[in-house]
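Biologist: Before I rely on any of the terms used for this model, could you take me through what each one rests on?

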Amino acid sequence: MKLLVLAGKNVESASIIPMLQGHDHSLVHLASVSRGIRRLEKQETDCVILVPDEGDTTWARAIRRIRKEYGVHVIILIDGEHQEKVLSLGGFDSFPYDHRMLGNMSRSLRHLESQLALERQLDQERALHEWMEETDRLGSWEMDSQGRVRWSKGFRRIMERGCHSLDESFDSIRPCVHPEDVEVFDRANEATFEQGWPLDFEYRVVGKDNKINYLHVNREIELDDAGKIRRAHGMARDVSLQKELEELLFRRDAILQVLTSFAGRFLRKADWEEGISNALNELGKVADVTRVFLFSKNNNESSAETLTLSHEWVAEGIPSISGKPEFINQSFSPQYDAWRIPLLRRKIICGHVKDFRKGERAFFEATGAKSVMVVPVFAGDSWWGFLGFSEHREERDWLPVEIESLTLAANLFGSAIFYGRMGEKLVSANRSAEEASAIALEASLSKSMFLANMSHEIRTPISGILGMAEMVVTTGLTDEQREHMDMIRDAARSLLNIVNDILDISKIEAGKMELKPVDFEFRSALETSVRSFGPQADINNIVFRYSVSEDVPIMLNGDSDRVGQVLWNLLGNALKFTERGLVELTVDVTLREADRVCLLFKVRDTGMGISQDKLDSIFDSFTQADSSLRKKHQGTGLGLTISRQLVNMMGGEIGVESAVGFGSTFHFTAWFGVAKEQKAIEPLRTSTPMALHLNILLAEDNPLNRKYLTHFLSMFGHTITTAENGIEALNILETKGKKIDIVLMDVQMPEMSGIEATQAIRESDGKLYDRSIPIIALTAYAMKGDKERMLASGMNDYVSKPVDMHALSDAIVRCMGSRPPRERGGGAAAVQTLEGRTGKDAIPFTLDMQALINRFEGNMTLLKDILDLFVVEAEEKLTNLDKATGIRDAKMMGASLHSITNIASHVLAMELVKKSRELEKRCYLGQVDSVIRELEPLKNGFKKLVKAVSAEAVKL
């Protein structure tokens, strides 16, 4: 410790110095000890020791000043009669100046050292607590038995955004509470402080700038023996950002549903203008704007471009501008010349009206708008006009989700307008058979283009939502946050299923749905189609089983994907409408011929059943067994319609037997060819793609898709370079082509599409680009001929959106497997790995430290923390697995294997990940015995991986 001794002039130094041995000290003799206090301004000191002369009465003033002004502890050597006064002034200790002072001083300094250590620890913990409160936007409070409240700094920081300063009363919060939540706040206080209930609820507070903040509050109460409050405490978290995110996701989902509804209506009836008013109405409400407007270019012979307001929706209280002369034949030039080029390039115009140039402001100021967003509408390749939002209540900063949604709406409207034009041309061209035939073909092509565009424009943002949700799940969430993300994923998947159903029924009605018969192993394909229903049934406590008759041939010829689609619809409905009991699938042979066989599929459930008056119409489009407003289960009513069409295409029939309260049995027949070779096809064995550690160029214009693909591919050990369009991709390949192993190319991108970029690479002379570099198409197009068109352009493989990471990984392996090893460069050659030395009783693994270092961008501190956390968690995962195995609980074993899969992927041990994931799937299929037989090699390999990770962590 650092000691400052202020001693009187008559005090002998020789008597003082022995007491200070082992400490950094300075000794000063003064006429009165109070004169040395200012030395604390220049000298860092842990304790001041006062040794006043007899008759020096300034020591009391000295103690008071040292404690108040400098906060330093004081020990004084003075007669024992003053000890009580010393302590009341804040002194740490006092004892007489006599022969016992050496021992007393030694004891006192030891006690002081301990106290200083505790104070430092307390200061650190307090600083950490305050940092956590500030970072996580939370605060706490504590109330004593007298009702006095002590607020934490974090709580005060949260409430400083409110409208009132806090005092020791809990009611001092009340003026800040949102008026609509005051009653909830008061009742919560009654429940807590009068009835002693712990609470967990939310309420809003209003800030000084009238901004509303959401607080999530937890309270706990401690009662004494008499039932009185001894102590109450609580915590509040500012969840405003979470609420804003939930609102944005809800708004985006609502906009997508409006557009899907418009697209579905347009597919049934081509007159786009009939439904445009309703679409704008719904769009304006879900986007929470005050005006939605659609301007179209006028078809006149003059060279000047003019536009007219063709459709409008306005919120309540906003005057309409429709029909006013100033919004008819509005000249676009010269006021908006600066806008013309961006609009022709399919760019948006948005901002605050006050920031526009003078000539541009006049038009919008006349409408009273404060903020505007304008998106061009293209009918085919020609600029038709523009769609826009305007806000009149206050200035509004347009969010990316709003910009993307309006762009999607403009693209869908443009496709509908283009198809409508083609339909008009078709009607007018009926005068001659030749003209009618030509225009019919053009209209068909435009409808296909519309379907393709609708598929791309809707599936692309859904792909982003699913990808970002999957990415957030891997970042470590609370149970509540994980539940919210699962809800987001389920909503996006439901919307995707709706889009897929609409596309399928449209393709069937247009005669564009074709079967693709190939030889396949029936039982393996059936297991692939139905295995995901096992976990779903377990969650709902439903028994799910399936069986195949022994006389069903091993190898058949047919379209296994379409059979799987029919089974997916029937089994999905069975599980959806069965709350308890059984869902069963059986497959039998009903008829044999020379080279083909007819199979009978039956799906039986013990669910709610279907009334007799609905059985005749259950397979009609948009029909559901429960179509009431209070229906419990959601859906489009297209699944059974599509199933009937597919069964008919396979030469069979579909039907149902059901009674209310006694369940249902759906059955269908389908004809298959009997393959000449009845030996099961051996699955293609490929190396795990993540072990390649490739340098990948990702060309993708959608920022959400770019982010989540980069996240997952990087997590697999790859190095990612991104481009936003085909031109950027070509520039990167020109400058860094020798370092790129493979290209993931989005098909539809601005400025240059993925197909154009691929053709430029394949048709080059080899000087600028590697003509043989593997290219995989990433696309949301889902129409007939799309895959063939992309492969014809020179792409090596095709993965549809939303991107399934397993499908993408398999495609990467297929493409890289065809490249000579010497050309791979960059990725695998630069990797330094540690091979796990394992015997026959353990699965081998690869611990690639260089890939991990690259993944964490050289942050060795973070990498060491991750490796240390892996070692700590690994023991818990193995213990859970052993416990589940001991009681033969398939569901618990699957969950434990899932945990091992997750943490093994964090260190890129993909061999173990692959095996663990395989065993996990078999658990959910109820194959407990076979899983237990194969567990030991996995556990041994995992234990050796833990040792290897531990050894590497020590080196960091």
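**Terms set against values**

Biologist: Which residue in strand 16 is the bridge partner of Phe293?

Modeller: In strand 16 that partner is Gly388. This is a predicted model, in which local features need pLDDT of at least 70 and side-chain atom pairs count only at pLDDT 80 or more, whereas totals for chains, interfaces and linings use all residues. Residues are numbered from 1 along each chain as its sequence is written, and side-chain values use heavy atoms, with hydrogens and water left out.

Biologist: What makes strand 11 and strand 16 a pair?

Modeller: Two strands pair if DSSP finds at least two bridges between them, strands being DSSP runs of E with at least two residues and helices runs of H or I with at least four, numbered from the N terminus. Strand 11 (residues 291-297) and strand 16 (residues 382-391) share six bridges in the antiparallel sense, so they count as paired. Strand 11 also pairs with strand 12 (residues 306-314), again antiparallel, over seven bridges, and there Arg291 stands opposite Val314.

Biologist: Why is strand 11 called mostly covered?

Modeller: Six of its seven residues are buried, a word that means under 20% relative accessible area, while exposed means over 50% and partly exposed lies in between (1.4 Å probe, protein chains only).

Biologist: Why does Ser916 count as buried?

Modeller: Ser916, which is placed in helix 27 (residues 910-924), has 0% relative accessibility and therefore counts as buried.

Biologist: How do you know that Ser916 has a polar contact with Leu897?

Modeller: A polar atom of the Ser916 side chain lies 2.9 Å from the backbone oxygen of Leu897. A polar contact is a pair of N or O atoms within 3.5 Å, where within protein one must be able to donate a hydrogen and the other to accept it, and residues adjacent in sequence count only if both atoms are side-chain atoms; the pair therefore qualifies. Leaving aside neighbours within four places in sequence, Ser916 is in contact (heavy atoms within 4.5 Å) with Leu897, Ile900, Thr901 and Leu938.

Biologist: What makes the largest nonpolar core a core?

Modeller: The term denotes a set of buried Ala, Val, Leu, Ile, Met, Phe, Trp, Tyr and Cys residues joined through side-chain atoms within 4.5 Å. The largest has 41 residues, and Phe522, Leu570 and Leu571 are among those with the most contacts inside it. Helix 16 (residues 560-576) gives the most to this core, with seven residues. A second, separate core of 35 residues includes Leu283, Val289, Phe389 and Trp398.
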